[in-house]
Amino acid sequence: MASAFKLLFAVSLFTLLLRFCSGSIVGVCYGRNADDLPTPDKVVELIKLHNIKYVRIYDSNIQVLKAFANTGVELMVAVPNSDLLAFSQFQSNADSWLKNSILPYYPATKITYITVGLEVTESPDNASALVVPAMHNVLAALKKAGLHKRIKVSSTHSLGVLSRSFPPSAGAFNSSHASFLKPMLEFLAENQSPFMIDLYPYYAYRDSPKKVSLDYALFESSSEVIDPNTGLLYTNMFDAQIDALYFALMALNFKTIKVMVTETGWPSKGSPKEKGATPDNAQTYNTNLIRHVLNDTGTPAKPGEELDVYIFSLFNENRKPGLESERNWGLFYPDKTSIYNLDFTGKGVLDMTNSTDGSKNGTTWCIASSKASEADLQNAIDWACGPGNVDCSAIQPSQPCFEPDNLVSHASFAFNSYYQQNGASDVACSFGGKGVKVDKDPSYDNCIYLTAGGINKTASNNMTATVNTSSSSHTDVCSWICVFLLTTLIAVILNLGNMCDVSF
């Protein structure tokens with residue numbers, strides 16, 4: 001009896017270990033709808049250079065699969081819409097594809113997901129009826145190869161699969177897709193596969209700028225949107241869209257299916273009517289997204305829930321049709337230079353250029369704009385000295401930077417401290433357009449402004465340590481929990497082994 005109890009305890013510990021030692025991930029979509037991209041092997045070099053561990057591609061191109069061999073990068077491959085008919089009609093087609101296009105490169109190339117169909121409800125040929133049969137055939141092929149537990153099968157969708165997304169608690173699937181969605185959701189639940197969604201707050205802002213504020217779309221809002229049905233508070237559109245999907249799933253009694261965001265991002269350039277498509281906005285959105293996801297914040301309806309997210313896209317793709325923005329979602333130009341700086345660790349903004357020196361030839365500072373209103377400056381100071389983790393003791397009464405006692409001076413000190421602590425990047429000096437970069441040192445008398453790599457002599461010497469600790473505290477706590485659980489689990493298993501030896 002005691003042995004059985006300890007075995008049950010060990011299993012429970014193992015479950016907890018899996019839970020605590022996992023976490024949200026951020027990957028990148030590697031689209032190739034362009035005629036000027038580098039070869040796959042050069043792309044893999046770029047991906048490794050920037051420590052990107054998760055990549056989604058939109059087919060099963062042999063050259064791409066070969067290039068990712070022995071890199072440790074986890075790859076999501078796809079069955080495109082053009083193959084759905086063949087895959088849905090005959091099991092042999094799925095078997096042949098797996099045998100010829102996947103198995104020769106696995107496990108050297110670490111394939112973890114197969115997406116069957118791409119946003120089929122948006123496609124003009126209405127191939128939705130083909131998706132689930134094709135998914136079943138792909139899964140059957142994986143089972144024959146003994147890989148169905150290592151490679152998950154799903155399909156990607158646009159937010160158009162919902163008929164309502166606001167308020168989030170009223171989220172509901174479009175009834176016109178019911179015949180397709182019900183068997184799809186049953187498949188996902190049965191096989192513990194995620195519901196894959198492509199989310200773009202950019203489009204919500206672009207199409208309804210009077211209803212959706214730019215700050216709300218960029219994770220920069222200082223105000224909250226209240227769901228009148230649940231009382232949940234939302235500070236960004238991304239969370240609201242995710243929760244709308246969760247509520248839609250729960251309304252159909254699919255409560256165990258997890259959501260995965262297989263595309264999201266922000267364009268860096270657009271047509272004259274697309275004023276929100278700028279490098280600064282793209283950098284702001286993706287930087288805040290990465291921090292939000294890797295902190296395992298979850299959403300208001302799912303606090304602490306892990307969420308895997310893929311940023312679209314690795315490169316600008318010059319052959320994509322539509323408005324100018326469609327060709328400008330990339331993090332990199334085809335020559336592999338970065339369009340803006342981004343850090344995939346979530347700890348700040350790092351230089352993504354190939355240069356080892358970057359823009360370090362001259363020092364810059366960030367100060368408050370003299371044109372900003374007092375209310376905006378006060379809000380910005382409150383944020384920087386609070387959630388922004390800036391040590392603002394130097395601008396308190398009797399301290400070196402208190403005089404001149406005005407909001408522009410105090411905000412300038414706070415802005416610069418945040419700016420330097422977060423990589424001295426453009427986005428770290430944005431403050432909703434209230435920050436201004438300068439190349440002249442704003443220090444005066446005994447008030448010394450921080451510089452990147454330097455120490456602010458008037459502030460606490462542990463300022464930088466505070467920032468680093470806050471950004472990595474979640475990881476540290478999880479690491480300690482994992483070590484504790486693993487140690488306990490080993491002890492229990494060893495004890496069980498001893499008991500078994502005595503019994504026999």
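This is a chat about the predicted model shown above.

Biologist: What kind of model is this, and what pLDDT do local features need?
Modeller: It's predicted: local features need pLDDT of at least 70, side-chain atom pairs count only at pLDDT 80 or more, and totals for chains, interfaces and linings use all residues. Residues are numbered from 1 along each chain as its sequence is written, and side-chain values use heavy atoms, leaving out hydrogens and water.

Biologist: OK, how many residues has the largest nonpolar core?
Modeller: 105, and Val138, Phe173, Phe195 and Phe238 have the most contacts inside it. A nonpolar core here is a set of buried Ala, Val, Leu, Ile, Met, Phe, Trp, Tyr and Cys residues joined through side-chain atoms within 4.5 Å. Buried is under 20% relative accessible area, exposed over 50%, partly exposed in between (1.4 Å probe, protein chains only).

Biologist: Which helix gives the largest share of this core?
Modeller: Helix α10, residues 237-251, with 10 residues. Helices are DSSP runs (H or I, at least four residues), strands too (E, at least two), numbered from the N terminus.

Biologist: New topic: which peptide bonds are cis?
Modeller: One joins tyrosine 106 and proline 107, with omega about 10°. Another runs from phenylalanine 312 to serine 313, with omega near 10°.

Biologist: And where is proline 107?
Modeller: In the loop between α5 (91-102) and β4 (110-118).

Biologist: What about phi of asparagine 70?
Modeller: Near 60°, which is positive in a residue other than glycine. Most residues other than glycine have a negative phi.

Biologist: Is asparagine 70 buried or exposed?
Modeller: Asparagine 70 counts as exposed because its relative accessibility is 69%.
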